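Colleague: I have a new model open and want to learn how to read it. Can you take me through a few features?

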Amino acid sequence: MKDRIHEIEPFRAEGIVYHADTCLPLVDAISRQKLKFKALARYTYPGDRLTDDTKGLNSIGYWDAMEPQDWGLNWHRNEGIEFHFLESGSMPYAQEKEKTALRPNHLTITRPWEAHKVGSPEIGMGKFYWVIIDLGIRRPHQDWVWPDWIMMTEKDLNRLTKILRLDDQWLWQTNTRMRECFHKIGAAVDTDVDGSSASKIRLLVNEMLIVLLELVDSKDVVLNEALTDSSRSVKLFLDELDKNLSENWTIERMAESAGVGLTRFTYHCRQLTNTTPMRYLAMKRIEKAKNILINKPELSVAEVAYSCGFATSQYFSTVFKKQEKCTPLEFKVSL
């Protein structure tokens with residue numbers, strides 16, 4: 001298995017840069033021969049390299065774990081829409097804080113903004129396939145652009161896109177046709193040498209999408225227009241802000257990161273938080289600072305300020321006192 005990695009080409013959209021997942025626990029498990037693994041990929045995903053004949057396809061392949069495993073893939077997001085399929089065995093799986101145990105013929109659909117993990121913490125034993133297609137999006141409200149080799153009619157592709165955007169169901173019980181499709185995908189990946197299976201892979205991905213459309217059309221799908229509203233993209237940004245408080249945020253950068261215009265971002269932020277974006281940012285930074293002051297009393301006020309994204313300790317003290325009615329030092333002493 002050639003697991004060499006191409007230099008990453010981050011996805012850039014409206015000011016935000018998205019970096020591909022590296023799947024390091026999987027790479028380590030492969031090196032220790034814990035499971036059979038075969039994949040075709042680009043960027044930092046492990047596997048033999050995909051060629052330009054399948055542009056838009058980021059990773060396709062499978063692993064076959066035939067003995068107990070000691071690893072898992074923790075919470076992460078992908079650079080495209082991902083379809084997981086479990087052919088055999090069982091697999092602990094979680095998506096958007098919902099947990100389940102995947103069973104044979106289970107298919108999961110993961111949009112780029114949806115966090116998910118495989119394993120709890122170990123992945124278990126089973127044969128597990130995946131297909132990751134980059135649609136040029138990272139936020140819910142953005143328009144989907146499928147690779148030009150997707151051959152579905154405009155009507156069918158629009159129907160599938162609409163369902164995948166407006167219905168947030170992510171776990172599906174599939175049929176033998178889907179099973180056969182992924183089995184053929186695995187065989188095509190197995191025999192590929194420098195792109196020799198590219199035509200087969202393109203056809204099989206199209207077949208998988210057609211079978212998927214038939215599957216979702218056979219169910220009572222509930223479409224929810226709110227799932228593609230720009231307010232959802234702003235909410236996702238605000239939910240993630242705790243992890244990036246030390247960034248040098250301006251209101252312009254915040255709007256760009258959420259993928260919406262400045263006016264719309266400010267409006268949605270007020271609707272969601274009842275305050276301005278910069279005031280909300282300051283409040284979150286002060287909350288983080290209080291936790292650090294409580295749990296790491298050995299740090300100086302200046303160190304706390306910088307770790308929370310404040311440019312100076314003086315400005316940090318001013319904002320802290322305005323919100324908490326005491327200085328950071330007074331708060332620290334009172335503990």
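Modeller: We will go through a helix, a sheet and some salt bridges. Keep in mind that this is a predicted model.

Colleague: Start with helix H10. How many residues does H10 have, and what is its reach from first C-alpha to last?

Modeller: H10 runs over residues 313–324, twelve residues in total. The reach is 16 Å, close to the 16 Å expected at 1.5 Å a residue.

Colleague: Which residues of H10 are buried?

Modeller: Buried means under 20% relative accessible area. In H10 that applies to Ser313, Phe316, Val319 and Phe320. They span an arc of only 125 degrees around the axis, so they sit on the same side of H10. Gln314, Thr318 and Lys322 are exposed on the other side.

Colleague: What do the buried residues of H10 pack against?

Modeller: Three helices: H8 (277–295), H9 (301–307) and H11 (328–333). Just after H10 comes Lys325, with a positive phi of about 65 degrees.

Colleague: H8 also holds Lys284. Is Lys284 buried or exposed?

Modeller: Lys284 counts as buried because its relative accessibility is 14%. Beyond its neighbours within four places in sequence, Lys284 touches Asp242 and Leu245.

Colleague: Now the sheet. How do I read one?

Modeller: Strands of a sheet pair through backbone hydrogen bonds, either parallel or antiparallel. Here four strands make an open sheet, ordered S6-S11-S8-S9, with antiparallel pairing. S6 (73–76) and S9 (98–102) are the edge strands, each with a single partner, so one side of each lacks a neighbour in the sheet. From one strand to the next, the twist averages 15 degrees.

Colleague: Where does S6 meet S11, and over how many bridges?

Modeller: S6 pairs with S11 (residues 116–118) over two bridges, in the antiparallel sense. His76 stands opposite His116 in S11.

Colleague: And the salt bridges?

Modeller: Side chains of opposite charge can pair when their charged atoms come close. The whole structure has 16 salt bridges. In one of them, Arg177 and Glu214 have their closest N and O atoms 2.4 Å apart. That pair links distant parts of the chain: Arg177 is in H3 (residues 176–191) and Glu214 in H4 (residues 198–217), 37 residues apart. Arg177 is partly exposed, at 39% relative accessibility.

Colleague: Which residues are linked in a network of salt bridges?

Modeller: Asp28, Arg32 and Asp70. Within it, Arg32 and Asp28 meet at 2.9 Å, N to O.

Terms used
Residues are numbered from 1 along each chain as its sequence is written. This is a predicted model: local features need pLDDT of at least 70, side-chain atom pairs count only at pLDDT 80 or more; totals for chains, interfaces and linings use all residues. Side-chain values use heavy atoms; hydrogens and water are left out. The expected span of a helix is 1.5 Å times one less than its number of residues. Buried means under 20% relative accessible area, exposed over 50%, partly exposed in between (1.4 Å probe, protein chains only). The arc is that of the directions from the helix axis to the C-beta atoms. Contact means heavy atoms within 4.5 Å. Two strands pair if DSSP finds at least two bridges between them. Axes are lines fitted to C-alpha atoms, for helices over the stretch in contact, and angles run from 0 to 180 degrees between N-to-C directions. A salt bridge is a side-chain nitrogen of Lys or Arg within 4 Å of a carboxyl oxygen of Asp or Glu.
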